[in-house]
Amino acid sequence: MRDDPSVIALVARAGDGDQGAWNELVERYSPLVWSICVRYQLNRQDIDDVGQSVWLHLVHYLDTVRDPAALPGWLATTTRHECLRVLRVTRRHDHAGLPPEDHMPPDPAAVMIEQEVIAAERDAALRAAFAELSPSCHQLLSMLIDDPPRAYAAISAALGIAVGSIGPTRARCLDRLRRSPHLAAVLGEPASEVEINETRGGHGG
């Protein structure tokens, strides 16, 4: 993955006390924290506990961060450590005898967690890119990815555009989307339509 300028800017703003930037960071990476907690089979109360601890650690991390682009990986590692802490405290799954975190054997879920980091970054980039599109593109693309998908005739009636215009308009909207600097940061420049579709379809788009 390439360094995402939007993440670097958010970290810098949040470190300077920008509440809006902080809220955006939490919204952007809460799915990542949640997904790792689920892998460790934590209940909802424990997930909330881990989440609060992770965001508290992030407050201090922002004061000393040297590589803002490394934030997703840092969040994943911190979340994993907090999950292990909770498991020790609750003594669930016979984890009372777990060794200290720095002596833990390699985690077989580490590769999966890395994939979660990448997926979280892709999802966040897609949301940011989608938000920059025009309202008409928002409406059209949203209808086209409905599940079940809507018929062109229904889209035509809802949006007041000719059926024959839907395909070309869709192509123009996707072209704007794939050229977004947000997607370029994580998928390459410019992102291909296949990559956009895989990102969108693979995560509930």
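V38 lies in helix α2, where helices (H or I, at least four residues) and strands (E, at least two) are DSSP runs numbered from the N terminus. The model is a predicted one, in which local features need pLDDT of at least 70 and side-chain atom pairs count only at pLDDT 80 or more, whereas totals for chains, interfaces and linings use all residues. Residues are numbered from 1 along each chain as its sequence is written, and side-chain values use heavy atoms, with hydrogens and water left out. V38 counts as partly exposed, at 38% relative accessibility; buried means under 20% relative accessible area, exposed over 50%, and partly exposed in between, with a 1.4 Å probe and protein chains only. Although V38 and C83 are 45 residues apart in sequence, their C-alpha atoms are 9.6 Å apart in space.

As a whole, the chain has 10 helices and zero strands. Of its 205 residues, 38% are buried. Among contacts with a separation of 6 or more, 63% are between residues 24 or more positions apart, a contact being heavy atoms within 4.5 Å.

Helix α8 (residues 163–178) has 16 residues and should span 22 Å at 1.5 Å a residue, and the 24 Å between its end C-alpha atoms agrees with this; the expected span is 1.5 Å times one less than the number of residues. In α8, the residues I166, C173, L174 and L177 are buried. An α-helix has 3.6 residues a turn, so residues three or four places apart point the same way.

The structure holds one aromatic pair. The ring centres of Y61 and W74 are 4.1 Å apart and the ring planes are at 20°, so the pair is stacked; rings of Phe, Tyr and Trp (its six-membered ring) pair if their centres lie within 6.5 Å, and planes under 30 degrees apart count as stacked, over 60 as edge-to-face and the rest as tilted. Because Y61 lies in helix α3 (residues 44–64) and W74 in helix α4 (residues 71–90), the pair ties together parts that are 13 residues apart in sequence. Y61 is buried, with a relative accessible area of 15%.

Helix α3 also contains D48, which is partly exposed at a relative accessible area of 37%. D48 and W34 are 14 residues apart in sequence, and their C-alpha atoms are 8.9 Å apart in space.

Two loop residues also deserve mention. Q41, in the loop between α2 and α3, has a phi near 60°, a positive value in a residue other than glycine, and Q41 counts as exposed at 57% relative accessibility. In the loop between α6 (135–144) and α7 (152–159) lies P148, which is joined to D147 by a cis peptide bond with omega about 5°.

The largest pocket has a volume of about 230 Å³. A pocket is an open set of points on a 1 Å grid over the protein atoms alone, with protein on both sides within 12 Å along at least five of seven lines, and lining residues have an atom within 4 Å of a point. Helices α1 (5–15), α2 (19–39) and α5 (110–131) each supply at least two residues of the lining, and the largest share, four residues, comes from α5. Residues of the lining include S6, E24, R127 and H182.

Technical notes:
1 Å grid on protein atoms, 1.4 Å probe; cavity = no way out; pocket = protein on both sides within 12 Å on 5 of 7 lines; lining within 4 Å. Points joined across faces, edges and corners; volume = space filled by probe spheres on them.
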